[in-house]
Amino acid sequence: MAKKKEVKKNLVFKNKKAFHDFTIMESMEAGIVLEGSEVKAMREGRANLKDSFIRIIKGEVFLFNMHISHLNTAHVTYRPDERRERKLLLHNKEIAKLFAKVTKDGISIVPLKMYFNKKNKVKVQIATAEGKKLHDKREDLKKKTMLRETQIAIKNWK
């Protein structure tokens, strides 16, 4: 019998740093323009959203600093830049709505996660977010550790 190739399902690349540094206000889904072997590299789990950010330039939305590493099977002469800016696909009304929110003080657009939808298209979940202060970050860490400790205590008690 032929061996089946293992298929990785539920490939979701999350930006955990965004949840730590920002309070998320409103999120939406956007398509992304990728080149060549980048989709295959994403299927192998070679994407990273850690330090990425989103800017609106001349009425178009771009994702900066997202890292998709090279694929070993790709041709040596054709390797797109790993950290190049990638265009996001949104309707004009959505872009205008985002631009109106971003012009306010302290509000920025951040990518939350990148995933394959049901039609096998790569989608990016973006959100408008407001930066957290240092004391807010400390409070969140305290809440998380207290919740984790209580869950461990309950588990050990039973």
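Five bridges hold strand β4 (residues 53–57) and strand β5 (residues 60–64) together as an antiparallel pair. Strands here are DSSP runs of E with at least two residues, numbered from the N terminus, and two strands pair if DSSP finds at least two bridges between them. This is a predicted model, where local features need pLDDT of at least 70 and side-chain atom pairs count only at pLDDT 80 or more, while totals for chains, interfaces and linings use all residues. Residues are numbered from 1 along each chain as its sequence is written, and side-chain values use heavy atoms, with hydrogens and water left out.

**The β4–β5 hairpin**
- Phe 53 has Phe 64 in β5 as its bridge partner.
- Two residues lie between the strands of this hairpin, and Lys 58 takes a positive phi near 50° there.

**Strand β7 and its neighbours**
- β5 also runs antiparallel to β7, joined by three bridges, and Phe 62 stands opposite Lys 87 in β7.
- Strand β2 (residues 22–32) pairs with β7 in the antiparallel sense over two bridges; Gly 31 has Leu 89 as its bridge partner in β7.
- In β7 (residues 86–89), Arg 86 and Leu 88 make up the covered face, whereas Lys 87 and Leu 89 make up the uncovered one.
- In a regular strand the side chains alternate between the two faces of the sheet.

**A look at Glu 60**
- Glu 60 belongs to strand β5.
- With a relative accessible area of 32%, Glu 60 counts as partly exposed, the class between buried (under 20%) and exposed (over 50%), using a 1.4 Å probe and protein chains only.
- Leaving aside residues up to four places away in sequence, Glu 60 touches Arg 55 and Lys 87, where contact means heavy atoms within 4.5 Å.
- His 91 is 31 residues from Glu 60 along the chain, and their C-alpha atoms are separated by 9.7 Å.

How values were computed. Helix = DSSP H or I, 4+ residues; strand = E, 2+ residues; numbered from the N terminus.
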